[in-house]
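Student: Can we go through this one together? I'd like to start with the sheet.

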Amino acid sequence: MTTKVPVITIDGPSGAGKGTVSRALAKKLGWHFLDSGAIYRSLAVAVTQAAIDPQDIDAVVRVAESMDLRFEANDPPRIFLGGQDISHKIQTEDCGSTASKIAAHGPVRQALLQKQRDFQREPGLVADGRDMGTVVFPDASYKIFLTASAEVRAKRRHKQLKEKGADVNLDRLTKEIEERDRRDKERAEAPLTVPDGAVLIDSSDLTIDQVIARCLDIIGGR
Ligand SMILES: Nc1ncnc2c1ncn2[C@@H]1O[C@H](COP(=O)(O)OP(=O)(O)OP(=O)(O)O)[C@@H](O)[C@H]1O
Ligand SMILES: Nc1ccn([C@@H]2O[C@H](COP(=O)(O)O)[C@@H](O)[C@H]2O)c(=O)n1
């Protein structure tokens with residue numbers, strides 16, 4: 001008999017707090033954490049560094065299949081591409097935007113599918129992304145859809161980037177995030193949507209700790 005490794009999926013739009021909450025939950029539970037967006041962002045870095053046209057899907061797929069990614073679960077977590085620390089490079093909105101353009105293509109998503117599923121290891125996994133509950137882990141034990149108003153999400157992202165020393169303009173950032181969300185929702189392949197059976201949490205008026213408490217309630221305080 002095989003025992004299923006439990007998975008909690010947290011999907012939602014940009015800046016809803018998925019990464020923050022997923023990481024905290026994984027730490028509380030002593031489970032693994034998958035930041036699937038970081039995989040798409042790393043591919044965007046790899047494609048840019050190789051001077052490949054993001055529209056050349058065959059070439060992007062080849063990079064996706066061969067890229068050597070390593071995650072280090074430090075605080076903050078670090079990510080290495082072929083030994084190069086790209087943890088800072090993947091954080092820009094430009095990188096998020098390129099990631100979202102290449103993520104719209106089915107063959108690219110297919111090339112990254114197993115890399116994400118490999119994170120499902122004992123004792124459990126908290127997986128953050130856009131299609132965790134719909135495509136990557138459709139049999140997840142618990143599914144959460146975390147959202148917040150577009151205005152709140154843009155302000156959060158603006159504050160986050162400013163704190164990291166980035167020179168960002170709120171109006172421009174709001175437009176870029178709206179454009180990325182629209183692309184993620186409207187694409188034909190694995191669009192961002194509320195998975196069947198997911199519990200919706202709107203974090204617009206909740207603190208990070210309140211969101212974590214709600215998630216723990218949903219999974220029965222495991
Ligand atoms: N409930 C909250 N209240 C206030 N700030 C929050 C809340 N949740 C998250 N934040 C802050 O918002 C910023 C974005 O959060 P986070 O990176 O977790 O979002 P995300 O959903 O993972 O976004 P993306 O999908 O674009 O990576 C962070 O600086 C985080 O600390
Ligand atoms: N499961 C996922 C995760 C991410 N993407 C795409 O990557 C972009 C960046 O993701 P972040 O969570 O790091 O902001 C995102 O906008 C999506 O286009 C995805 O398609 N599927």
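Tutor: We'll take the sheet, then a helix pair, then the ligand. Keep in mind that this is a predicted model.

Student: What order do the strands come in?

Tutor: The order is β2-β6-β1-β7-β8. These five strands make an open sheet, and the pairing is parallel.

Student: Which strands stand at the edges?

Tutor: β2 (32–35) and β8 (199–202). Each has a single partner strand, so one side of each has no neighbour in the sheet.

Student: How are neighbouring strands turned against each other?

Tutor: By 20° on average, ignoring direction.

Student: How many bridges link β1 and β7?

Tutor: Four. β1 covers residues 7–11 and β7 covers residues 142–147. Look for threonine 9, which stands opposite lysine 143 in β7.

Student: Which helix packs on the sheet, touching β7 and β8?

Tutor: α9, residues 208–218. Its direction makes about 155° with that of β7.

Student: New topic. At what angle do α1 and α9 cross?

Tutor: Roughly 55°, with their axes coming within 10 Å. An angle between 35 and 65 degrees counts as oblique, so α1 is oblique to α9. The crossing is right-handed.

Student: Which residues make the contact?

Tutor: Thr20, Val21, Ala24 and Leu25 come from α1. Ile208, Val211, Ile212 and Cys215 come from α9. By class, seven are nonpolar, one is polar and none is charged.

Student: And ligand 1? How many residues surround it?

Tutor: 17. Among the closest are Gly17, Thr20 and Arg156. α1 (18–29), α7 (150–163) and α9 each supply at least two residues of the shell.

Student: How does that shell divide by class?

Tutor: Four nonpolar, 10 polar and three charged.

Note on methods. Residues are numbered from 1 along each chain as its sequence is written. Chains are lettered from A and ligands numbered from 1 in the order in which they are written. This is a predicted model: local features need pLDDT of at least 70, side-chain atom pairs count only at pLDDT 80 or more; totals for chains, interfaces and linings use all residues. Two strands pair if DSSP finds at least two bridges between them. Axes are lines fitted to C-alpha atoms, for helices over the stretch in contact, and angles run from 0 to 180 degrees between N-to-C directions. Two residues are in contact if their C-beta atoms, placed from the backbone, lie within 7 Å. A residue is near a molecule or strand if its C-beta atom, placed from the backbone, lies within 6 Å of it. Ala, Val, Leu, Ile, Met, Phe, Trp, Tyr, Cys and Pro count as nonpolar, Asp, Glu, Lys and Arg as charged, and the others, Gly among them, as polar. Angles under 35 degrees count as roughly parallel, over 145 as roughly antiparallel, 65 to 115 as roughly perpendicular and the rest as oblique. A crossing is left-handed if the near helix is turned anticlockwise from the far one by less than a right angle, and right-handed if clockwise.
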